[in-house]
Amino acid sequence: MASAFAGRGRYSIYTGRVTNWPMVVLSVVPMAPLLVMGGSSNENWRGFVVPLLVAAAVGLVNALTGSSVRTAAGPNGISVRFGPLGWPRCTYGLEQVERAEVIDLHPWYVAFGFWWTPRRTYCTVRSGPTLQLTLRTGRTVTVTVPDARAAVMAIHEAQSA
Amino acid sequence: MRWVIDHSSRELLQHQIASCVRQDVASGELTVGEQLPPAVELAEALSVDRNTVLAAYRQLRDEGLLEFRRGRGARVASAVTEPAPVTEAARALVAVARRHGLGRSELIRLIEELT
């Protein structure tokens with residue numbers, strides 16, 4: 001087991017999991033018109049099967065990557081894993097983190113699932129109090145956790161140890 | 001959920017991990033049906049072996065606190081009725097009594113005298 005702090009003694013870590021199944025359902029619902037159009041526009045069975053496969057693939061990808069997020073924070077850094085398979089996965093060492101804070105994420109600004117832009121990474125599945133990491137590179141990482149304050153405390157404690 | 005373990009403590013790591021779960025269930029932070037972190041992920045974060053976490057989870061399953069389901073990991077099966085600190089103190093008391101050769105009946109008599 002690789003550990004940056006092996007043998008140091010006390011380990012205080014935070015773990016949390018947030019699941020948002022309604023969002024997965026909502027992401028599949030917009031596919032319904034596509035299925036209906038595919039079925040009605042073409043009498044050939046392929047007209048229905050292809051959109052159905054597309055909808056199933058979209059639903060599966062959403063369920064696997066955007067339904068839940070698991071976070072662990074402590075002396076070994078912060079790891080964020082998506083979905084039941086734990087992938088995609090992001091890991092940030094404590095030395096990479098310049099600031100950890102709690103932000104109140106407005107529902108309009110929730111990027112459901114895993115999103116990446118040149119300056120920001122979003123690992124969010126709901127609004128409300130959210131953990132935000134500011135990395136030394138300037139990138140911000142926003143992560144949904146059940147208790148953002150406890151996560152920030154665990155990170156601060158690990159950084160000051 | 002917060003996990004605190006001390007690698008330098010004489011108490012077994014698996015017991016410390018199990019205590020964290022007991023305390024959180026007793027305090028209501030972990031509710032029935034809630035899923036615990038996969039053993040691999042928790043072991044990585046705590047810098048312990050995966051088998052240590054699995055041993056703690058199995059211990060809690062044997063106590064009836066957790067249940068394992070295929071593909072769904074470890075979940076809280078029931079809420080303990082006794083506060084975790086009391087359970088821990090009782091365990092320590094039983095261990096000390098055994099070390100000093102005190103039997104079950106003597107220990108119960110002693111507790112009855114004190115309560």
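Before the structure itself, one definition: a residue is called buried under 20% relative accessible area, exposed over 50%, and partly exposed in between, using a 1.4 Å probe and protein chains only. By that rule F114(A) is partly exposed, because its relative accessibility is 31%.

This is a predicted model, in which local features need pLDDT of at least 70, side-chain atom pairs count only at pLDDT 80 or more, and totals for chains, interfaces and linings use all residues. Residues are numbered from 1 along each chain as its sequence is written, chains are lettered from A and ligands numbered from 1 in the order in which they are written, and side-chain values use heavy atoms, with hydrogens and water left out.

Rings of Phe, Tyr and Trp (its six-membered ring) pair if their centres lie within 6.5 Å; planes under 30 degrees apart are stacked, over 60 edge-to-face, and the rest tilted. How many aromatic pairs does this rule give over all chains? The count is one. The pair is F82(A) with F114(A), and it is edge-to-face because the ring centres are 5.6 Å apart and the planes stand at 70°. F82(A) sits in strand β3 (residues 77-82) and F114(A) in strand β6 (residues 113-116) of chain A, so the pair ties together parts 32 residues apart in sequence. Helices (H or I, at least four residues) and strands (E, at least two) are DSSP runs, numbered from the N terminus. F82(A), at a relative accessible area of 0%, is buried.

A161(A) belongs to the segment after α4 (148-160) of chain A. Is A161(A) buried or exposed? It counts as exposed, because its relative accessibility is 67%. Its C-alpha atom is 26 Å from that of P129(A), 32 residues away along the chain.

Now chain B. An unreviewed UniProt entry places "domain: HTH gntR-type" at residues 11-79 of chain B; such annotations may be inferred rather than shown by experiment. This span is 52% helix and 12% strand, and its end C-alpha atoms lie 24 Å apart.

Strands β2 (residues 66-69) and β3 (residues 73-76) of chain B run antiparallel, joined by four bridges; two strands pair if DSSP finds at least two bridges between them. E67(B) has R75(B) as its bridge partner in β3(B). The two strands make a hairpin with three residues between them, and G71(B) in the turn has a positive phi of about 80°.

Last, L102(B) lies in the loop between α4 (84-99) and α5 (104-114) of chain B. It counts as partly exposed because its relative accessibility is 37%.
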